[in-house]
Amino acid sequence: MTTSRTLIGSRSTGIGSRALAVALSLVTAPLLVVTSAAHAHAANPTLRSLAEAKGRYFGTALTQGDLNAGGETSIAGTQFDAVTPGNEMKWDTTEPSNGRYNFGPGDRIVSFARSHNMRVRGHNLVWHSQLPSWVGSTPLNQVQRVMESHITTEATHYKGQVYAWDVVNEPFNDNGSLRHDVFYNAMGTGYIADALRTAHAADPGAKLYLNDYNIEGENAKSNAMYNLAKQLLAQGVPLNGIGFESHFVVGQVPASVQANMQRFANLGLDVAVTELDDRIHLPAGSAGLQQQASDFTSVVRACLAVSRCVGVSQWGVDDAHSWIPGTFPGYGAATMYDGNDQPKPAYHAVVSALGG
Ligand code: G3I
């Protein structure tokens with residue numbers, strides 16, 4: 001539009017025909033590019049292009065195994081512009097024994113992300129799960145040193161390559177108390193501030209997150225996360241964002257998702273939907289798939305309505321590789337792509353929620 005206005009404006013100033021021809025050639029080339037890009041966009045929108053047009057990213061989790069799969073990998077590289085390694089940056093992979101580091105698997109995910117122009121959400125530095133047994137049997141008075149070395153070594157290795165880190169993952173129980181894991185047992189609540197400060201020292205450019213599940217609506221657990229975030233910020237701890245995992249059951253997305261994200265955003269934090277999926281009792285019928293489409297829509301709309309919501313990531317690309325059936329027997333069909341990598345109603349609903 002601007003280009004056309006400029007052209008018409010040139011004409012009306014009465015410039016000579018030669019100058020006009022030059023102006024036309026300069027102006028029409030970019031116009032053609034813009035027009036064909038717009039056509040491609042309209043004909044074949046992707047989650048990433050639509051999200052980017054709204055100033056957001058749309059991500060997925062990927063594991064090493066996924067990188068060897070065919071259809072799934074090509075969807076990952078075309079539809080999504082952010083990657084969270086499903087397992088490859090967790091402690092049991094990166095430091096399986098004390099001081100022996102293995103960044104090969106994580107590096108492969110980062111390299112895939114780089115070659116597809118995707119950002120990386122680092123996941124994660126400190127978590128009670130997928131923690132090698134040697135950490136649990138470390139004498140309590142040495143756990144802080146072990147935690148700090150782990151964070152420093154991993155965050156330094158990936159310095160400049162990750163957009164954000166889930167520094168502490170899933171610190172809360174559902175009743176809002178802190179989990180009494182080895183880090184809490186050794187250091188009390190202060191382990192969280194210590195982990196954030198250590199990560200910041202190693203990679204000052206990464207956005208540092210606390211990430212948890214069942215904090216998407218307003219409840220005891222999200223209240224506890226809110227109070228913790230407020231205290232950390234008051235103490236000047238480098239906390240930049242809160243990750244809402246968003247592992248939902250179909251039809252049960254809380255009504256308060258947007259209000260809840262907004263209250264964290266009002267503290268001056270970024271917020272992100274980090275692990276979205278929406279499980280259905282199998283076999284998934286058309287009513288379930290329609291409800292799932294509506295659930296995905298509500299989540300995406302909530303993110304678009306909160307200016308500090310930076311993006312949405314689905315946990316995995318397709319139903320065939322989702323963690324759900326292995327963990328919740330009888331449930332599945334939790335993602336936007338079916339087991340044959342065909343887009344489901346939820347995919348089309350998200351495209352439309354993103355303005356496609
Ligand atoms: O690597 C071993 C392999 O050697 C062994 O043969 C096989 C047998 O079961 O297990 C493999 O480990 C599995 C690992 O994934 C890697 O595939 C574990 O059993 C399995 O429990 C583990 O599951 C992961 C889960 O975190 C563990 O909590 C899922 O893939 C991963 O998607 C999931 O991701 C978590 C997020 O990190 C945090 N939020 C919740 C989310 C879903 O649980």
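Mentor: Let us begin with a definition: two strands pair if DSSP finds at least two bridges between them. Please keep in mind that this is a predicted model. Here, strand S4 (residues 164-169) and strand S5 (residues 207-212) pair in the parallel sense over 5 bridges.

Trainee: In S5, which residue is the bridge partner of Val-168?
Mentor: Val-168 has Leu-210 as its bridge partner in S5. S4 is also joined to strand S3 (residues 119-126), by 4 bridges, and these two strands run parallel. There, Arg-121 stands opposite Ala-164 in S4.

Trainee: How many residues of strand S4 are buried?
Mentor: A residue is called buried when its relative accessible area is under 20%. In S4, 6 of its 6 residues are buried, and the strand is mostly covered. In a regular strand the side chains alternate between the two faces of the sheet.

Trainee: Now the whole chain, please. How many helices and strands are there?
Mentor: The chain has 16 helices and 10 strands. It holds 356 residues, and 52% of them count as buried.

Trainee: What can I learn from contacts between residues separated in sequence?
Mentor: Contacts show which parts of the sequence are brought together in the fold. Taking contacts in the chain between residues at least 6 apart in sequence, 77% join residues at least 24 apart. Leu-276 and Thr-335 give you a pair to look up: they are 59 residues apart in sequence, and their C-alpha atoms are 8.1 Å apart in space.

Trainee: Where is Leu-276, and why does it count as buried?
Mentor: Leu-276 is in strand S8 (residues 270-281). It counts as buried because its relative accessibility is 2%. If we leave aside neighbours within four places in sequence, the residues in contact with Leu-276 include Phe-248, Phe-296, Val-299, Val-312 and Trp-315.

Trainee: Can we read a helix in that way? Which residues of helix H13 (residues 257-265) are buried?
Mentor: In H13 the buried residues are Val-257, Asn-260, Met-261, Arg-263, Phe-264 and Ala-265. The next step is to look for what covers them. Their cover includes helices H12 (220-234) and H14 (286-305), along with strands S6 (241-244), S7 (247-249), S8 and S9 (309-314).

Trainee: Let us move to the ligand. How many residues surround it, and which are the closest?
Mentor: It is surrounded by 13 residues, and the closest are Lys-90, His-123, Glu-170, Glu-275 and Trp-315. By type, this shell divides into 3 nonpolar, 6 polar and 4 charged residues.

Trainee: How far do polar side-chain atoms lie from the ligand?
Mentor: A polar side-chain atom of Lys-90 lies 2.6 Å from a ligand oxygen atom, and one of Asn-87 lies 3.0 Å from an oxygen atom of the ligand. For Glu-275, a polar side-chain atom lies 2.7 Å from a ligand nitrogen atom. Taken alone, the ligand exposes 790 Å², of which the protein buries 43%.

Trainee: Which side chain is joined to that of Glu-275 by a polar contact of 2.7 Å?
Mentor: That is the side chain of His-247, a residue in strand S7. The side chain of His-247 also makes a polar contact of 2.9 Å with the side chain of Asp-277. His-247 counts as buried because its relative accessibility is 15%.

Trainee: What should I look for in the backbone?
Mentor: Look at the torsion angles, omega and phi. A cis peptide bond joins His-123 and Asn-124, with omega about -5°; Asn-124 is found in strand S3. Another cis peptide bond joins Leu-282 and Pro-283, with omega about 0°, and Pro-283 lies in the loop between S8 and H14.

Trainee: And phi? Is Ala-333, which has a positive phi, buried or exposed?
Mentor: Ala-333 is buried, with a relative accessible area of 13%. Its phi is about 50°, although it is not a glycine. Gln-130 is another residue other than glycine with a positive phi, near 45°. Gln-130 is partly exposed, at a relative accessible area of 27%, and lies in the loop between S3 and helix H8 (133-136).

How values were computed. Residues numbered from 1 in each chain as written. Predicted model: local features only at pLDDT ≥ 70, side-chain atom pairs only at ≥ 80, totals over all residues. Heavy atoms only, no water. Near = heavy atom within 4 Å. Polar contact = N/O pair within 3.5 Å; in protein donor to acceptor, adjacent residues only side chain to side chain. Areas by Shrake-Rupley, 256 points an atom, 1.4 Å probe, with all protein chains shown as cover. Nonpolar A, V, L, I, M, F, W, Y, C, P; charged D, E, K, R; others polar. Buried < 20%, exposed > 50% of the residue type's maximum accessible area, 1.4 Å probe, protein only. Contact = heavy atoms within 4.5 Å.
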